[in-house]
Amino acid sequence: MSKITRIEIVDFRFEVDNIAQMGGGQRLGYSKGAKLPVTKNAIVIETDDGLRGEYVTNLVASPATRGEMAMLAPLLIGRDHSEREEIFDDLKREIRQWSGLGQGPLDIALWDLEGKALGASISRLLGGYRARLPAYASTYLGDDAGGLDSPEAYEAFAEECYALGYRAFKIHGWNDGDAKREVANVLHCAAALEGRMILMLDACCQLRRFSDALYVGRACDEAGYFWYEDPMRDSGRSAHLHRKLRQFLSTPILITEYVRGLEPKADIIVAEATDYLRVNPEYDQGITGAIKTAHLAEAFGLDCEVHACGPAHRHVMSAMRNSNFYEVALVGPDMPNMVAPVYACGYSDQLNCIGSDGTVPVPAGPGLGVTYDWDFIAHHSVDRQVFAA
Ligand SMILES: [Mg+2]
């Protein structure tokens, strides 16, 4: 038994080229020459026998999640690092008053630690059997600034992805509530790429009316989209709304990216409100929670689609038979993915991470199987917090 003695969280900041805020909220899109400051968190968990687990956050990074991590991290001090099931259960109860997002990164670092302790990849610990994963290119939002600013621009970018090896492509449209603009893009891309690429649409919870969700969904039906994700402004959480929408549409619905917790996801399935379940080890209480979610979907005969990207996501998906595509998100023409540039081992989630066969590899080394560039993290750090016995 080894005890957790120290946890360090380093917040670091770097710039991403050609991306800027578009209007209010978190709408990010193309802006030539812009430099967007991005903050992520690097977590290190250490034990009294010299073990070390690491994780660098991706889409879960936010001041809110960072606050939750600071609330939960002290509760790990003194505990046996390998008792992840009990830790999962305890942290889940502790964080019930808040979103729970802060639990995920800590759990992932514990899995990295266990994999390194045993000399095995997380995929192997999970019984993983897929060394490579089919992937899709998942676009940035549409803009009016020379990036993804027209159906023709989406088509051109899809062709660029096709040439790289992608055989699936997900559109995040303008998502400004203009259903007509979304429909024109849905139909244009389908006609241009018919028979060559599988297409999905993510409306990012931006359609204001049920009639708009129905109108866009019927375009997905007409064009044979693979799934229709988070249509409406309920933030993808209403069982009644999506069950009703499913009664009108033939395109499979995908929600639960914003439904937190295993049991609420089960409730959505039982209510027949979604066709695909969503899972993200960062959002869904870590690798422990993600595997439970995958098995929950499996028990109902559903596929479970992995949201966003990162080494933890790849390990989880390698052990899921009921998952179709790995999401390389977000990408666009001349628009880098905002993942932290912290990999000293060649690992990448940039657009060109895909092989010509349309797949990405699962890291094979111990734990997460990646080597973080701690010099880069230290050089770009803006804050640091240590929890110790
Ligand atoms: Mg989504």
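This is a predicted model: local features need pLDDT of at least 70, side-chain atom pairs count only at pLDDT 80 or more; totals for chains, interfaces and linings use all residues.
The protein chain is divided into domain 1, which comprises residues 4–119 together with 369–388, and domain 2, which covers residues 125–361. The centres of the two domains, taken over C-alpha atoms, lie 23 Å apart, and 44 residues of domain 1 are in contact with 44 residues of domain 2. The size of an interface is often given as the accessible area lost when the parts come together. For domain 1 and domain 2 this buried area amounts to about 3600 Å², of which 67% is on carbon and sulfur atoms. On the side of domain 1, the residues that lose the most area to domain 2 are Tyr-30, Leu-59 and Trp-111, which together account for 19% of what that side buries.

Polar interactions also span the interface, where 15 residue pairs are found in polar contact and 2 salt bridges are counted between the domains. A salt bridge joins the side chains of Glu-263 and Lys-92, with an N to O distance of 2.8 Å. Several elements of domain 1 each supply at least two residues to the side that touches domain 2, among them β1 (4–21), β2 (28–47) and α3 (103–118); the largest share, 9 residues, comes from α3.

The structure holds 0 disulfides. Cys-161 lies too far from any other cysteine for a bond, because the closest cysteine sulfur, in Cys-353, is 10 Å from its own sulfur. Cys-304 is likewise in no disulfide, the nearest cysteine sulfur being that of Cys-309 at 17 Å. Cys-161 counts as buried, at 0% relative accessibility, and Cys-304 is buried with a relative accessible area of 0%.

Notes. Residues are numbered from 1 along each chain as its sequence is written. Side-chain values use heavy atoms; hydrogens and water are left out. A disulfide is a pair of cysteine sulfur atoms within 2.5 Å. Buried means under 20% relative accessible area, exposed over 50%, partly exposed in between (1.4 Å probe, protein chains only). Domain bounds come from an automatic or database domain assignment. Contact means heavy atoms within 4.5 Å. Buried area is the accessible area (1.4 Å probe) that two parts lose on being put together, summed over both. A salt bridge is a side-chain nitrogen of Lys or Arg within 4 Å of a carboxyl oxygen of Asp or Glu. A polar contact is a pair of N or O atoms within 3.5 Å; within protein, one must be able to donate a hydrogen and the other to accept it, and residues adjacent in sequence count only if both atoms are side-chain atoms. Helices (H or I, at least four residues) and strands (E, at least two) are DSSP runs, numbered from the N terminus.
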